[in-house]
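Subject: Structure handover

Hello,

Here is the structure you will be taking over. Notes on what was found in it follow below.

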Amino acid sequence: MTATLSLRWLHAVAGRHAQVHIHTQPRQRGSTQPWPADIHPAARAALAAAGFPQAYAHQVAAWRALQRGASVVLTVPTGAGKSLAYQAPTLDALHRDPHATALYIFPTKALAHDQQAKLRRLGVTTAATYDGDTPSHRRAAVRRQARVLLTNPDMLHVGILPRHPAWQRFWRGLRLVVLDEAHVYRGVFGTHVALVLRRLQRLTAAYGARPRFVLTTATLANPAAFGEALVGHAVTVLRHAVVDRGPRAVVLYNPPLVDPALGLRRSPYDEAVRLTLAAWQHGLQTLVFVPSRRAVERTLRALRQRAPNPQQVAGYRSGYLPAERRAVEEGLRRGHLRAVVTTSALELGVDLAGLDVVLVVGYPGSLAGLRQRFGRAGRGQRAGVAVFVAGPGPIDQYLVQHPDFVLHAEVERALIDPAHPTIATQHFACALAEAPWPLSRPFAGLSAEATAQAAAHWIRRGDAQRRGERVYWIAPRDPAQAVSLRTTDARRVALLEPGPPPRLVGEVEHPAAPRLVHPGAVYRHQGQVYRVRRLDLDRGQAELEPFDDAYDTEPVVQVRLRSLGAPRANREIGGLRVGWGPVEVTEQVVGYRRLAWPDRRLLDMVPLDLPAQVLRTQAYWVAIPAAVWEHLPVAAGGRARRPDYGPTWPAARAAALARDGHRCRVCGATRDLHVHHLRPVRLFAHPADAHRPDNLVTLCARCHRRAEQHVWVRSALAGLSYLMRHLAALHLMCDPRDLGTAIALPWQQQNEPALVVYEAVPGGLGFAAALYEAHDALWRAALARVRACPCDDGCPACVGPGGPQGRGPKAEVHHLLHLTAPDRPRP
């Protein structure tokens, strides 16, 4: 595909049954201008020799802001030449000052190696990578000679800052710090990185350097606040970039329905294979993004079985040897490979200009990430097609039903909290070990009082000591070794694959282990799939085994909630009471669901008995006042669709009435009696199982109506919790695992049932407050998703799959959302 777009291959696959939305973006022409006159002549010559004699406006604007001494956040689309915005000032500094240095921080090793190659093309021979793959015998030479150091946050945290005296030469000359793809640094990981950067700036200041920062990001809704929170000082935001770009078609593709009543569609992976082969037949090169290493290998195998030339199909993911990954990159650049299946490993930065077709299978976790992958299609003057192939989940289905949201909505806010008490206390220990801390100086985002409390914590443990007005680290251990940048709790559960010798796969936080690595759990790490054989919380170990069966797991968690004091904010919207504030969450994993892969149909449930975990965090809640119940359908005569109770019901009903003496068990009435199921019939595989005596109770009509109202509300809130957990993650730009949901019966002093969405992070990171502010948009999005879903009772795409009889709470959820919509006129 060169200068024109053709979608005949896509229409041939879609036929009349797939849902397809196509948005065409016309060719874009950018204007360039000479590099500013104050750039060093040798730097200007190097740029021209590499093919960049002129610059785009945003690159010049970045130069001028840096010359003023400002730090810069460059938030522009993929393919807009972000790298040159920091390469040009780096070249200038290196040519002006023989002692000047620059630090480039990348989220992946692949990005660092790609940038090193680009710097070589610009004539920089003193750039070096320093990461876990750097051989020990080369590290001393890097410390002595490197003028541009390319590393990642983990190595900076654990391998460079704790050994800062060995880097004195580098720190004294530091002029520029670059954080490429900085939107990755959000949530818990971003909070850690912000505190690593505080430690970095403290040390560079001690060596006499005050570097400027350049952050490049995908488009964000809050670049100024995010940049300032990340680096700890004010930043200049540059948003606009008009560059040369060929025409591009963005396609939202929903696989055909195979069972409309159950909402089941064709596998998105099968559709991706069909689309890739169709593009191949039209001479187009295709990059396929999938969410895991297992998906890479399965999709790769299916493609090779059907491809005209299997040698022109390759995979790309973590776990491949560096030489293998470089060969795939080169094969894409030269056109030798016609199709490559990859995880997120090829999403960020690696220069692969001019791909004809990009397929994104499933939502990658953020709109910014989705658009980042779209940007791989048709860079430069080449035309390209970017296709989002929707999976069965609520987020994917919401996106294909709302193309304007995908294409034009303001992207998410990236949220971090450098004042998070748990994480900041951990990094305060790291800072103490790097150099003594004066008690008069607050640490990072902590207040002076909180800093004193952090110091007292480590002194009480015997790891630190106060001498005068300073605190010193005295423990022999290096605290950085115990601080993972991706978790909040210092306690860990090691994930071990049996040997001999046992291999450490990874770690999870101790409080999260029952959810993530309970016995039987399917666990993914860097794309590889494992099943947990056993979990020993006392020893902090989980034993894993490689796993390749076609199902996933989802924990069944019993949650008890307790409000901790007054809400931080609350209001009434649509007849509901909405608020947010501190809560205590007690979680116990009591089992897990096995879900078919990839359509997430419920296969069965397995019971477990694990200890409870207590979490203090922040939550957003939606409470349903009694006044809303008056408008529920059960108040006017029961459920709209009563399930089939089966032939054993009359006898079971008569037995329950006789057992209860033909009296209402609540008020004692003897007329107009009903028999009520404590657990609804639809939750049982066979109706007869629901008719057990311990599940039946005799009630009068009035008490039965109240009981049915409670069942109706519980059912509605259960389905809504499934949907809202996913939609909340979409609006927050976070992983759904960062959030938990629960139904509180009752909630707070009002004694009302409520849906509670809580942060699965001790202390919270600001998600609850953001959800409170976004309530109206979330409620409308939930109603739109339920209305648009073609299923009858509920499915993985809306309120979750139904119970063993296939009946879900879709009707209840729809009625509640419609009745309480923020913009619906109140009666």
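Contact here means heavy atoms within 4.5 Å. The model is predicted.

The chain as a whole

The chain holds 26 helices and 35 strands. Its radius of gyration is 29 Å, close to the 28 Å that the globule rule gives for 827 residues, so the chain is as compact as a globular protein of that length. The C-alpha trace spans about 95 × 75 × 60 Å along its principal axes. Of the 827 residues, 57% are buried. Taking contacts between residues at least 6 apart in sequence, 72% join residues at least 24 apart.

Val72 has Val214 in S9 as its bridge partner.

A helix pair

Two packed helices are described by the angle between their axes and the distance between the axes. For helix H9 (residues 187-206) and helix H10 (residues 223-231), the angle is about 55° and the axes are 7 Å apart. H9 is therefore oblique to H10. On the H9 side the contact is made by Gly190, Val193, Ala194, Leu197, Arg198 and Gln201, and on the H10 side by Glu228, Ala229, Leu230 and Val231. By class, these are six nonpolar, two polar and two charged residues.

The mixed sheet

Another open sheet has five strands in the order S23-S22-S26-S25-S24, with mixed pairing. Its edges are strand S23 (503-509) and strand S24 (522-525); each has a single partner strand, so one side of each is left without a neighbour in the sheet. Neighbouring strands here are turned by 40° against each other on average, direction ignored. S24 pairs with strand S25 (residues 528-536) over four bridges in the antiparallel sense. In S25, Gln528 is the bridge partner of His525.

Backbone details

Most residues other than glycine have a negative phi, and most peptide bonds are trans. Gly499 and Pro500 are joined by a cis peptide bond with omega of about 10°. The bond from Pro500 to Pro501 is also cis, with omega near -15°. Pro500 sits in the loop between strand S22 (492-497) and S23, and Pro501 is found in the loop between S22 and S23.

Glu181 is not a glycine, yet has a positive phi of about 55°. Glu181 is in the loop between S8 and H9 and counts as buried at 3% relative accessibility. Ala444 has a positive phi too, near 50°. Ala444 lies in the loop between strand S19 (437-438) and helix H18 (448-460), and is partly exposed at 30% relative accessibility.

One more residue

Arg325 is part of helix H13 (residues 322-334). Its relative accessible area is 18%, so Arg325 is buried. Arg325 and Ala821 are 496 residues apart in sequence and 50 Å apart in space, C-alpha to C-alpha.

Regards

How values were computed
Residues numbered from 1 in each chain as written. Predicted model: local features only at pLDDT ≥ 70, side-chain atom pairs only at ≥ 80, totals over all residues. Heavy atoms only, no water. Pairing = 2+ DSSP bridges. Helix = DSSP H or I, 4+ residues; strand = E, 2+ residues; numbered from the N terminus. Axes fitted to C-alpha atoms, helices over the stretch in contact; angles between N-to-C directions. Parallel < 35°, antiparallel > 145°, perpendicular 65-115°, else oblique. Nonpolar A, V, L, I, M, F, W, Y, C, P; charged D, E, K, R; others polar. Rg over C-alpha atoms; globule rule 2.2 N^0.38 Å. Buried < 20%, exposed > 50% of the residue type's maximum accessible area, 1.4 Å probe, protein only.
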